[in-house]
Amino acid sequence: MFSPIPAGPILRICATLALGAAGAATASMLGLPAAALIGSCLAVAAAAGAGLPVALPARLRDIAFVIIGVSLGAGIEADLLAQSRDWSISLAMLAASLVATVAVGAAMLRRVFGFDADTAVLSSSPGTMSYAVAVALEGRGDVTVVTALQLVRLFMMVTTVPLLVFALGLIEAIAPVHQTMQPYTFAGLVLAGYAIGAVGGRLGLPAACLLAGMIVSGAAHVAGLAEGAAPGWAIAVGFLLTGSALGTRLRLIRKGHTVRLLRAGIAVVLSATLLSFAFAAATAALTGLPLGEVWIAFAPGGVEAMAAIGLALGYDPAFVALHHFARILILLVLVPAMLGVLNRSGRT
């Protein structure tokens, strides 16, 4: 006998998308930067905080990441290596900023908020949430605290960084798009990116779908197999799905821990934001690169969200994405090293 798909999950998904779309439309009418991303995130997060059953399948989230990756890859040009000198300086400055960010954040969480050393280090790691939570699940630190503080960081960075960039007048003029990818080319890149990203995800690669989409699209553009930017409607859909997915994560924070964790999360985010801005300003002065672009590349948010913000604000997509993926690689070495130092020194 035929068994229909339960209506409950489908209704939750549709309601979540409707909330995200309404938030995106409202943010757009208010003239906010990265409106689709910020508006959908705020609307769905508000619903999750109110206890409403918001949900979004992982597959939809991954498709959104692939779309954003393909959009980022479309900005990669054949003369990418011509900027390698400036980028090598900025990558070195990024590494220095990460060491300072994790060290300061961990010290604050230990001395001010009383968290143990492992929890403090994992909670201060900016942009490797899945890795930090996985390490905590293996017995290093309090997994509830690590997850909650990482969620607070993600939410605050997505909703505040574009507004700060806008308020400081750091938005670059967005170059007009003269050509859009053919629909079949775009669809092919998305399918290829999703297939490769799915394999990378199973292998534990962070942000696998976004990385795969960017690599596939970038390689196709450099090789001359694809031309033009991703369709505007597709980018808007990617932002909407990404913001909605981020908003649903708020439901993971337990209400009883909200005040303490929120205070700790805000403190860590403020210190990380100020440090990233200071290092970005120094990098911009050394290289002549736009301050806003460097700051978005250094900002301690999730790679998918910050890459989407950089794309929405008109910055060089290859520059922003490369630095956020480099941040992941640096942290995958830095965090175990810091945990090892704590082990040898007799952590408290």
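A nonpolar patch is built from Val, Leu, Ile, Met, Phe, Trp or Tyr residues that have over 30% relative accessible area and no salt bridge, with side chains joined within 5 Å. The structure is a predicted model, where local features need pLDDT of at least 70, side-chain atom pairs count only at pLDDT 80 or more, and totals for chains, interfaces and linings use all residues. Residues are numbered from 1 along each chain as its sequence is written, and side-chain values use heavy atoms, with hydrogens and water left out.

On the surface, L262, I266 and L270 make up one such patch, and together they show about 240 Å² of accessible area (Shrake-Rupley method, 1.4 Å probe, with only the protein chains shown as cover). I266 sits in helix α11, residues 258–287 (helices are DSSP runs of H or I, at least four residues, numbered from the N terminus). I266 counts as partly exposed because its relative accessibility is 32%; buried means under 20%, exposed over 50%, and partly exposed in between.

Helix α5 (residues 117–124) is another story: eight of its eight residues are buried.

What about charged pairs? The count comes to one salt bridge, meaning a side-chain nitrogen of Lys or Arg within 4 Å of a carboxyl oxygen of Asp or Glu. It joins the side chains of D62 and R61 at 3.1 Å, N to O. D62 counts as buried because its relative accessibility is 18%, while R61, at 27%, counts as partly exposed.

Notes:
Buried < 20%, exposed > 50% of the residue type's maximum accessible area, 1.4 Å probe, protein only. Helix = DSSP H or I, 4+ residues; strand = E, 2+ residues; numbered from the N terminus. Patch = residues over 30% accessible without salt bridge, like charges linked within 9 Å, V, L, I, M, F, W, Y side chains within 5 Å.
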